[in-house]
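Open the model in your viewer and keep the selection panel handy.

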Amino acid sequence: MRGRKPKPRHLRVIEGNPGKRALPEDGVRLPSEYAAPPDFLDEMARAAWERLVPPLVERGLFTVLDHDSIAAYCEAFSRWRKHEQSLKDAGQETFETHGRQGRMIRTRPELGIISEQIRLMTSIGSNYGFSPVARMRLKDVGQGDLFNPFDNV
């Protein structure tokens, strides 16, 4: 979709309405309720689901329409962690090949996969306030409200 993302109504109210035109409503409000993780998620992705969904439900940011995107985020998280472990087990970020052109040093394929998963998680996470900047854009969610590091103490 081309162009800027539309600003939510609450941000328009806060920033002011210089054109003095009527502000559109934000649309249909769906109920936010917890849902069990999908069956296709592996153990690590399920753990991510259990960590992310309750705070999102509490803030009203998780509805029936969000299941697939949160599941995709959890899958990307799981894939990222598995490939990070694989890279750690390999002990180095490059490997050597020998061919017609002689000896070549190449980067491990895990690096590309890791990079793509982080990009995907950043893209999906920005819609749910998974970064400080994204949280500042959400209504009624403070910068540190979504993930409190002292919850596990």
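**Stop one: H3 and H4**

Select Ser 69, Ala 72, Tyr 73, Ala 76, Phe 77, Arg 79, Trp 80, His 83, Glu 84, Ser 86 and Leu 87 in H3: they meet Glu 110, Leu 111, Ile 113, Ile 114, Gln 117, Ile 118, Leu 120, Met 121, Ile 124 and Gly 125 in H4 (contact means heavy atoms within 4.5 Å). This is a predicted model, where local features need pLDDT of at least 70, side-chain atom pairs count only at pLDDT 80 or more, and totals for chains, interfaces and linings use all residues. Residues are numbered from 1 along each chain as its sequence is written, and side-chain values use heavy atoms, leaving out hydrogens and water.

Now show H4 (residues 109–125) whole: H3 packs with H4 at about 150 degrees, with axes 9 Å apart. H3 is therefore roughly antiparallel to H4 (over 145 degrees).

**Stop two: H2 and H3**

Next, select H2 (residues 43–58) and H3 (residues 67–90), which pack at an angle of about 135 degrees with their axes 8 Å apart. Among the contact residues are Trp 49 and Leu 52 of H2, and Tyr 73 and Phe 77 of H3. The residues of this contact divide into 12 nonpolar, two polar and four charged.

Terms used
Axes are lines fitted to C-alpha atoms, for helices over the stretch in contact, and angles run from 0 to 180 degrees between N-to-C directions. Helices (H or I, at least four residues) and strands (E, at least two) are DSSP runs, numbered from the N terminus. Ala, Val, Leu, Ile, Met, Phe, Trp, Tyr, Cys and Pro count as nonpolar, Asp, Glu, Lys and Arg as charged, and the others, Gly among them, as polar. Angles under 35 degrees count as roughly parallel, over 145 as roughly antiparallel, 65 to 115 as roughly perpendicular and the rest as oblique.
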